[in-house]
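Please open the model in the viewer and keep the selection panel at hand.

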Amino acid sequence: MTTMTGQLSSASEHLTRRPNILRQMWTSRGDYLYVLPAIVVMLVVIAYPIYYTIDLSFFKTPPGLQLRDKIWVGTDNYTQILTSEVFWKVTVNTVIWTLASTIIAFVLGFGAALALHRDFAGRAILRAILIIPWVISAVAASYIWKWIYHSDFGVLGAVLVQFGFLDRQPNFIDNVNSVLPSLIVVNIWREFPFAMIMLMAGLQTVPEQLLRAAKVDGASAWQRFWHVTFPHLRGVSTVTILLLAVANFNSFIIPWIMTGGGPSNASHIWITHIYELAFGRQRWGVAAAYSVLLFIILMVLGYFYVRALSGNESKEHGA
Amino acid sequence: MSVTVDTVTPRSRKRIDGWRWAGRIFLLIMVLYTALPMAWMLLTSIKSGFAATQFPPQWWPAEPTLASYQKLLDPQNSVGQDFLRFFWNSLFVSVVTTILAVAVAVPAAYAFSRFRFPGRKFLFFSVLLRNMFPAVIFLVPLFILMRWLGLVNTHGSLILTYLTFGLPLAIWLLKGFYDNIPVQLEQAARIDGATRFQAFLLIVTPLSVPGIIATAIYSFIGAWNEYIYAATFLTKNEQLTLPVGIQRFFSENTTDFPGLMAASFLMSVPVVVLFLVLQKYFVRALTEGAVKH
């Protein structure tokens, strides 16, 4: 079915070679009605906040003052952030968090998708079990793992002690060295199913004939994977990795609920740090400046994001 | 299934048995990684508070009890009252968000798929870009906006916000779906005298029901699980949704681990059931929409 509709969809390409953009906009004025609701909602809830954040980032808001009594300080907030030690620490945490979560979740999801691709008894049940962590709320997941990591009654530490790996109950999330890896384990637990679903969908698009032909030509399992399956998954892999990276860069709930960024900032990432600056210490101006820096980074990421997401479409147009 | 029939499963032959075993072992590890924490949640939830805080832990509850569930679901009890109210609030917000998200995303995705108006690409990508920005950035300005709209401490503030952060992926999913519906169907309807809107409503929409279901699941789960806006926009106890309500509640009762696990379990039930029942639509929407090449 997919191949058939693929051919037909190219028929939907009405020609547009921009002779006169205003006239074109006028003739297609009815089309805008369809997107209007989406655009209005987006404008209200996105454009205004972005403008507001940029504006606020040039002001100082001492605690106790009302937001409307803000004081113009120029780019002070920015220099203050970029010269602070915490900023660099949090940045390193964010990079570790984002890269480790994204890469490991993708690899595990890829492996699970491959292992589940062949049909076998109980496949549907296994797939359902593996997807559940992605569906449940991050707040619930945080509490479950917080309980598992608990420094007195945590089951993980108890298992390690019982089997003799450790001689006493370890501190997973109250320890500056182990807190970030421990939280990454939770994050991956929640995210690998997403990569798995995406890649399972992707695997269905790999043509069986090609795999069979490669096999007739004597390609080994690994060669078939590397030369036939993998190239077909390049598009979906790029999209998945980008979506994961953006989600991880923006994660908040797991570190916030589990540790609140502590101990001594060891598990603060950018988002939790901004939240704490704004809502914990009422330093709205600095938080806004942080957010603007975040915007800039995200815009760079966004460039690749849009290119990857539009990859499918531009191929279609080229055809 | 026979392993020698290689026309059915091209990957099955004797010399790659090693790969198959590696796959099985890998799957086993992943299932343990996934299921054990959830199993521990369930086991803890049927223990008494005393049994849960023993060392070494009771691997299997010696005296299983449903006391935590009874407490949470009992409308006579103040804990149960709160929990049921949070549950209802979450349900209300999620259902309304889902209905609105479908109503807004369907026409937009259709337009992005079919029409070629100027600025179409720009608009499409600006919609997608919304996905990139973290909630925290929007919190303060949105809070001020909601105050201006008079929506603070109402569920309307949450619905409006959830709508926007669910829309980008919803539109993207649905657009892929519409791309796969042959345009000839609409052309035939137009020749028979239907207007463009009639063709969209009567011909295309019924065909896109699986995509719409996928969009609805996605919106519902997103709204059900959202925490940060709900924590900021709502302060009155009777307005809270589950994730925030549970957090507030257990920051006061830090040692009631069975209760916390029971609450986490009850909070997860609706979305897990919904997803497992409807997952084939979701996977199909991804296959036909997002992933096709």
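At roughly what angle do the axes of H4(B) and helix H7 of chain B cross? This is a predicted model, in which local features need pLDDT of at least 70, side-chain atom pairs count only at pLDDT 80 or more, and totals for chains, interfaces and linings use all residues. Residues are numbered from 1 along each chain as its sequence is written, and chains are lettered from A and ligands numbered from 1 in the order in which they are written.

**First selection: two helices of chain B**

Select residues 78–114 of chain B, which form helix H4, and residues 155–179, which form helix H7. Helices are DSSP runs (H or I, at least four residues), numbered from the N terminus. The two axes cross at roughly 40 degrees and come within 6 Å of each other; axes are lines fitted to C-alpha atoms over the stretch in contact, with angles from 0 to 180 degrees between N-to-C directions.

Within helix H4 of chain B, select B:Pro107. This residue counts as buried because it has 21 C-beta neighbours inside 10 Å, the threshold being 20 or more other C-beta atoms within 10 Å, placed from the backbone.

Display both chains. Here 93 residues of chain A are in contact with 91 residues of chain B, contact requiring backbone-placed C-beta atoms within 7 Å. On the side of chain A that touches chain B, helix H3 (residues 29–56) gives the most, with 15 residues.

Technical notes: Two residues are in contact if their C-beta atoms, placed from the backbone, lie within 7 Å. A residue is buried if 20 or more other C-beta atoms lie within 10 Å of its own, exposed if 12 or fewer, and partly exposed in between; C-beta atoms are placed from the backbone.
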